Amino acid sequence: MSDFQTWYKQVPPFTRIWLTATVGISLLAKIGLLPISYLILQSAPFFYKLQLWRPMTAVLFYPLNPATGFHFMMNCYFLYNYSLRLESDHYKQKPGDYFFMLFFNWILCVIVGLVMDLPILMDPMVLSVLYVWCKLNRDVVVTFWFGTRFKAMYLPWVLLGMNMILSSGSIFSLVGIFVGHAYYFLKFSYPSELGGPALIETPFFIKRYFPDVQGGTHGFGVPPVGQRPVQQQQQGDMAGFRHAWGVGHTLGRN
């Protein structure tokens with residue numbers, strides 16, 4: 001138990017809260033303490049009955065049954081894995097920026113979900129974070145099915161292709177890619193690659209609650225990691241499953 005507590009306390013705060021809420025709400029719904037019909041995203045109850053919690057629970061809730069349990073565990077693992085990497089690396093000194101990225105992706109997922117009548121948004125939200133990590137680490141090499149290896153920048157598209165072949169869940173992959181690309185383009189690509197103004201800036205009041213951490217060197221205000229020479233390598237594997245989104249390793253470290 002002490003080992004679990006030690007690990008849990010070491011998880012960065014936003015990732016810890018997101019993962020805990022996802023597991024907690026899904027389990028409470030599984031045992032019947034939370035009604036599923038009140039957790040999913042539906043436009044009529046949201047707009048006309050002012051059930052304002054639905055956009056949040058639609059991202060956190062996932063229906064658990066024997067057919068979806070493995071997929072849920074994969075989602076939780078990659079939620080933890082990629083959110084932790086972003087929060088503890090790229091946004092380590094900018095917690096407010098990471099919170100705003102999650103907020104931006106969440107809002108966009110909800111808007112698309114309402115327009116497209118998608119009741120459950122866990123998949124696109126997790127994939128949107130995965131997409132941002134892949135773009136910031138475009139030269140990282142990930143391992144896929146049968147030992148195939150390719151750069152992380154291609155991983156979201158490989159997953160989309162697998163979903164189109166193996167399941168009917170490609171729409172969730174498309175939404176996640178769209179949301180993640182919208183954030184990456186507005187935050188990084190447009191200002192640094194196209195010379196345009198910064199279109200996404202973390203509001204001041206968020207910076208007040210989550211101030212920047214002083215000290216150390218991280219890549220804020222400079223081109224993303226994928227545009228700089230890659231110097232390190234991490235070992236990683238990825239189970240080639242419909243939603244088993246890959247673990248990468250950067251070139252150069254043993």
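The structure, which is a predicted model, holds 1 cavity of 30 Å³ or more. Rolling a probe the size of a water molecule over the atoms shows where empty space is left. Here a cavity is a set of points, on a 1 Å grid over the protein atoms alone, where a 1.4 Å probe fits but cannot get out, and its volume is the space filled by probe spheres set on the points, which are joined across faces, edges and corners. The largest cavity contains about 30 Å³ of space.

Which residues line the largest cavity? Its lining, meaning residues with an atom within 4 Å of a point, is made of Asp 97, Phe 100, Met 101, Tyr 183, Lys 187, Ile 200, Glu 201 and Thr 202. Of these lining residues, 4 are nonpolar, 1 is polar and 3 are charged, where Ala, Val, Leu, Ile, Met, Phe, Trp, Tyr, Cys and Pro count as nonpolar, Asp, Glu, Lys and Arg as charged, and the others, Gly among them, as polar.

At least two lining residues come from each of helix H6 (95-116) and helix H9 (170-193), and H6 gives the largest share, 3 residues. Helices (H or I, at least four residues) and strands (E, at least two) are DSSP runs, numbered from the N terminus.

The axes of H6 and H9 come within 10 Å and cross at roughly 135°; axes are lines fitted to C-alpha atoms, for helices over the stretch in contact, and angles run from 0 to 180 degrees between N-to-C directions. H6 and H9 are therefore oblique to each other, since angles under 35 degrees count as roughly parallel, over 145 as roughly antiparallel, 65 to 115 as roughly perpendicular and the rest as oblique.

H9 also packs with H7, at an angle of about 45° and with their axes 7 Å apart, so H7 and H9 are oblique to each other. Helix H7 (residues 122-136) in turn meets helix H5 (residues 69-90), their axes coming within 9 Å and crossing at roughly 40°, and this pair is therefore oblique.

Finally, the UniProt annotation "transmembrane region", from an unreviewed entry, covers residues 17-40, 60-80, 100-122 and 154-179; UniProt positions are given in the numbering used here, feature names are shortened, and annotations may be inferred rather than shown by experiment. Residues 17-40 are 58% helix and 0% strand, with end C-alpha atoms 20 Å apart, while residues 100-122 are 78% helix and 0% strand, with end C-alpha atoms 18 Å apart.

Residues are numbered from 1 along each chain as its sequence is written. In this predicted model local features need pLDDT of at least 70, side-chain atom pairs count only at pLDDT 80 or more, and totals for chains, interfaces and linings use all residues, while side-chain values use heavy atoms, with hydrogens and water left out.

Notes
On a 1 Å grid over the protein atoms alone, a cavity is a set of points where a 1.4 Å probe fits but cannot get out, and a pocket is an open set with protein on both sides within 12 Å along at least five of seven lines; lining residues have an atom within 4 Å of a point.
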